[in-house]
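This briefing concerns the structure shown below. Please read it alongside the sequence.

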Amino acid sequence: MDQSCACSVCRRYSRAYIRHLYNTGEMLASTLCSYHNLAFYLDTMRQIRQSIALGEFAAFRRRYLDRYGSRDRLAVSQGLDS
Ligand SMILES: [Zn+2]
């Protein structure tokens, strides 16, 4: 599903197969997506703890936001946009 993810769902199932399951109303689609999402956030939290321990959280934050989100959206959600 996600080539950069090491969870068993991403190693075993294609995005097309999961999309097929979703479109046909199979409950397995939700189960597989939930498994991947939990693995993603567990790994993200592991990386955050590691970056804090190494004193590199600011660099980790920049890389994470460059890849997954906008600093502008984060600023808006934190009330820092003005
Ligand atoms: Zn995954």
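With 13 C-beta neighbours inside 10 Å, Thr44 counts as partly exposed; a residue is buried if 20 or more other C-beta atoms lie within 10 Å of its own, exposed if 12 or fewer, and partly exposed in between, with C-beta atoms placed from the backbone. Thr44 belongs to helix H3, and its C-alpha lies 9.2 Å from that of Tyr64, 20 residues away in sequence. This is a predicted model, in which local features need pLDDT of at least 70 and side-chain atom pairs count only at pLDDT 80 or more, while totals for chains, interfaces and linings use all residues. Residues are numbered from 1 along each chain as its sequence is written.

**Overall architecture**

- The protein contains five helices and zero strands, where helices (H or I, at least four residues) and strands (E, at least two) are DSSP runs, numbered from the N terminus.
- Read from the N terminus, the order of elements is α-α-α-α-α.
- Of the 82 residues of the protein, 4% count as buried.
- Residues at least 24 apart in sequence account for 33% of the contacts between residues at least 6 apart; two residues are in contact if their C-beta atoms, placed from the backbone, lie within 7 Å.

**Confidence**

- The mean pLDDT of the protein is 89, and 84% of its residues reach 70 or more; pLDDT is the predictor's confidence in each residue, from 0 to 100.
- Confidence is highest in H3, at a mean of 97, and lowest in helix H5 (residues 71-77), at a mean of 59.

**Helix H3 and the residue that follows**

- Helix H3 (residues 27-53) has 27 residues and reaches 39 Å from its first C-alpha to its last, close to the 39 Å expected at 1.5 Å a residue; the expected span of a helix is 1.5 Å times one less than its number of residues.
- H3 is hardly covered, with one buried residue among its 27.
- Gln50, which lies in H3, counts as exposed because it has 12 C-beta neighbours inside 10 Å.
- Gln50 and Phe60 are 10 residues apart in sequence, and their C-alpha atoms are 9.6 Å apart in space.
- Just after H3, Gly55 adopts a positive phi of about 70°.

**Helix H4**

- The 12 residues of helix H4 (residues 57-68) should span 16 Å at 1.5 Å a residue, and this agrees with the 16 Å between its end C-alpha atoms.
- H4 is hardly covered, and its count of buried residues is zero.

**Packing of H2 against H3**

- Helix H2 (residues 15-23) packs with H3 at an angle of about 135°, with the axes 7 Å apart; axes are lines fitted to C-alpha atoms, for helices over the stretch in contact, and angles run from 0 to 180 degrees between N-to-C directions.
- That angle makes H2 oblique to H3, since angles under 35 degrees count as roughly parallel, over 145 as roughly antiparallel, 65 to 115 as roughly perpendicular and the rest as oblique.
- On the H2 side, Ile18, Leu21 and Tyr22 meet Leu28, Ala29, Leu32 and Cys33 of H3.
- The residues of this contact divide into seven nonpolar, no polar and no charged; Ala, Val, Leu, Ile, Met, Phe, Trp, Tyr, Cys and Pro count as nonpolar, Asp, Glu, Lys and Arg as charged, and the others, Gly among them, as polar.

- Tyr13 sits in the loop between helix H1 (8-12) and H2.
- Tyr13 is partly exposed, having 16 other C-beta atoms within 10 Å.
- Not counting residues up to four places away in sequence, Tyr13 touches Met1, Ile18 and Leu32.
- The C-alpha atoms of Tyr13 and Asp2, 11 residues apart along the chain, are separated by 9.7 Å.
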